[in-house]
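Here are my notes on the model you sent. Please read them with the structure open.

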Amino acid sequence: MQRKVMISCAVTGSADTPGRNPAVPVTPPQIAQSAIDAAKAGASIVHIHVRDPQTTRPSMDPALYREVVDRIRQSGSDVLINLTTGPGARFVPGAEDPLQAGPGTNLKPAPERVRHVVEIKPDICSLDMGSMNMGSHVFVNTPTVLQAMAVAIRDAGVLPELEVFETGHLLLAKRMIEDGHIGRPSLFQICLGISWAQPATPEAMTYMRGLLPPDCTWFAFGISLHQFPMVAQAVLLGGHPRVGLEDNIYLEKGRLAPSNAALVDKAVRIVELLGDRVATPGEARQMLGLNGRNA
């Protein structure tokens, strides 16, 4: 039986990629237009980070988030909007004293990390479910901070997307669901291929899928050259794929992606070649139980 498959598009991310691919959007108008174009290509969800328009570096400015969301909504697009809460978790130990924060540290308290979500009330927001080494720094998400963020997200009426980079993150997410910090049914995103976390392999995705709560909806993605193989793997295992310039700046080997829409279009073709069909934003809203939320 043909299945409806949702495609999420991670539009820009926070990595230092604009200098490597000019298609990576930076300003609010660019980010919003890229999200709108991705939706026209078949994405039912767009995952949004914002950047400082002058430096291209990641930003936590609520005004930038508000402008992006307003531009998408004013366009008439009904695509589901998923705002990140990842910024504010980076710690770099000082070279002389590891107890002192070194350059690049951006640790912020839980209320500041979710302030834009509480104010804007998007359909969805991400919640990174644990700590890990990431490149040369540490990505810090302690259970206490995650609980505070989860409660604020829940009270704002926003659906958290539980991003799990390894199995310990998934187990913590399940405990927080059991304890009532996160509601049911839950939404998971299996993140594969990030350095020093779960690899982007069929075996890793299958293993993590087996640990998920039985009543959840789940997405998965692989970064860089693993993006499209993991699209196929997610569909085959009954999940939903994520693509986008946050995770991968190439359309194929040696060829930079000209847009987020091009990456979504390729994912659409994979879904359809595997015999399923792509869900519309309206269908995605119904599948995720978002009808009437924040109305």
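The points below cover a strand and its neighbours, then a pocket.

1. First, a caution. This is a predicted model.

2. Start with strand β8, residues 124–128. Of its 5 residues, 5 are buried, so β8 is largely enclosed by the rest of the structure. Buried here means under 20% relative accessible area.

3. Which way do the side chains of β8 point? I124, S126 and D128 point one way. C125 and L127 point the other way. All of them are buried, whichever way they point. In a regular strand, side chains alternate between the two faces of the sheet.

4. Next, the pairing with β6, residues 80–83. β6 and β8 run parallel and share 2 bridges. Across from C125 in β8 stands L83.

5. β8 also pairs with β11, residues 159–164. These two strands are parallel as well, and 5 bridges join them.

6. Now the largest pocket. Its space comes to about 1200 Å³. The lining has 49 residues. Nearest the centre lie S14, A15, M134, I194 and E246.

7. Which elements supply at least two residues each to that lining? They are β5 (58–59), β10 (137–139), α8 (227–236) and β15 (250–252).

8. What is the lining of the largest pocket made of, by class? It has 18 nonpolar, 18 polar and 13 charged residues. Please check these classes against your own view of the pocket.

Methods
Residues numbered from 1 in each chain as written. Predicted model: local features only at pLDDT ≥ 70, side-chain atom pairs only at ≥ 80, totals over all residues. Heavy atoms only, no water. 1 Å grid on protein atoms, 1.4 Å probe; cavity = no way out; pocket = protein on both sides within 12 Å on 5 of 7 lines; lining within 4 Å. Points joined across faces, edges and corners; volume = space filled by probe spheres on them. Helix = DSSP H or I, 4+ residues; strand = E, 2+ residues; numbered from the N terminus. Nonpolar A, V, L, I, M, F, W, Y, C, P; charged D, E, K, R; others polar. Buried < 20%, exposed > 50% of the residue type's maximum accessible area, 1.4 Å probe, protein only. Pairing = 2+ DSSP bridges.
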